[in-house]
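I opened my notebook to look around this structure one site at a time. Here is what I wrote down as I went.

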Amino acid sequence: MALLPILCYPDPKLHTIAKPVGMVDARIKSLIADMLETMYEAKGIGLAATQVNVHERLIVIDTSEQRDAPLVLINPTIVWTSAERHLNEEGCLSVPGIYDGVERFDAVKVEALDADGTSRLIEADGLLAVCVQHEMDHLMGKVFVEYLSPLKRNRIKTKMLKAQREART
Ligand code: K1U
Ligand code: ZN
């Protein structure tokens, strides 16, 4: 297993649209193991392949208290959304230190392959529903700050670029 570098906003690679995973083979299983290790080490509750510069439709999530319930979604599709939407506080491992409110569906149903390549229907609500929608946005090249006002987004961009410059010196 290996820790993978996480792309940081405003890296343009974060806006790449991911392609479907062709086969759940040894390469994908190894990527899943590396993404789970990377997510747990970064203390995240989710990670999309896009964030580790792999542009295939693969997500890992663990919203459990004990951090012992990994969920792997390959080629996920939202097949149902609740009528209700709410504003939730979100963060992102690609935008460290920034938290803000984003409106999301309260509940979603998602069809996806699991780590064995078996088709599953996942019924998500609460934090899991928020996380699934956030990670599926990553696969479409969308970062949560794009829901914020242009003023806020530009401030965040400037802050991130400054932090990245300082980290290099
Ligand atoms: O995609 C990512 O960068 C992971 C991200 C997932 C996420 C967190 C919160 C709401 C939606 C999606 C994170 O794990 S950020 C760090 C974190 O653990 C966290 C931040 C805010 C609330 C709960 C957890
Ligand atoms: Zn994110």
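Before the first entry I settled what a strand is: strands here are DSSP runs of E with at least two residues, numbered from the N terminus. I also noted that this is a predicted model.

N75 is not a glycine, yet its phi is positive, at about 50°. I then turned to N53, another non-glycine residue with a positive phi, near 65°. N53 sits in the loop between β1 and β2. I counted N53 as partly exposed because its relative accessible area is 36%. I also checked the peptide bond from Y9 to P10, which is cis with omega near 10°. P10 belongs to the segment before α1.

**Entry: the zinc ion**

Which residues coordinate the zinc ion (ligand 2)? I found C92 through SG, and H134 and H138 each through NE2, at 2.0 to 2.3 Å. I wrote the sequence spacing of these donor residues as C-x41-H-x3-H. Both histidines, H134 and H138, lie in helix α2, four residues apart, or about one turn of the helix. Are they buried or exposed? H134 has a relative accessible area of 8%, so I put H134 down as buried. H138 is at 0%, so H138 is buried as well.

**Entry: ligand 1**

An oxygen atom of ligand 1 is 2.7 Å from a polar backbone atom of I45. For the side chain of Q51, I read 2.9 Å between an N or O atom and an oxygen of ligand 1. H134, one of the zinc donors, also has a polar side-chain atom 3.1 Å from an oxygen atom of ligand 1. Taken alone, ligand 1 exposes 500 Å², and the protein buries 85% of that.

**Entry: the nonpolar cores**

I looked up the largest nonpolar core and found 16 residues in it. Those with the most contacts inside this core are I59, I61, L73, V108, V110 and V132. The elements that give two or more residues to it are β2 (58–61), β6 (107–113), β7 (119–125) and α2 (126–139). Helix α2 gives the most, with six residues. A second, separate core has 14 residues, including M39, L47, V60 and I74. Going back to V108, I noted its contacts beyond four places in sequence, among them I78, W80, I122, A129 and V132.

**Entry: two residues I followed up**

I6 is in the segment before α1 (26–41). I called I6 partly exposed because its relative accessible area is 24%. Leaving aside neighbours within four places, I6 is in contact with residues including L47, Q51 and L93. From I6 to E123 I read 28 Å, C-alpha to C-alpha, for a separation of 117 residues in sequence.

E56 lies in the loop between β1 (46–48) and β2. Its relative accessible area is 16%, so E56 is buried. What does the side chain of E56 make a polar contact with? I found the side chain of R27, at 2.9 Å. Beyond four places in sequence, the contacts of E56 also include A18, V21, I28 and L139.

Terms used:
Residues are numbered from 1 along each chain as its sequence is written. Chains are lettered from A and ligands numbered from 1 in the order in which they are written. This is a predicted model: local features need pLDDT of at least 70, side-chain atom pairs count only at pLDDT 80 or more; totals for chains, interfaces and linings use all residues. Side-chain values use heavy atoms; hydrogens and water are left out. A nonpolar core is a set of buried Ala, Val, Leu, Ile, Met, Phe, Trp, Tyr and Cys residues joined through side-chain atoms within 4.5 Å. Buried means under 20% relative accessible area, exposed over 50%, partly exposed in between (1.4 Å probe, protein chains only). Contact means heavy atoms within 4.5 Å. A polar contact is a pair of N or O atoms within 3.5 Å; within protein, one must be able to donate a hydrogen and the other to accept it, and residues adjacent in sequence count only if both atoms are side-chain atoms. Accessible areas come from the Shrake-Rupley method with a 1.4 Å probe; for residues, only the protein chains shown count as cover. Donors are N, O and S atoms within 2.8 Å of the metal (3.2 Å for Na, K and Ca); water is not among the atoms, so sites may look incomplete.
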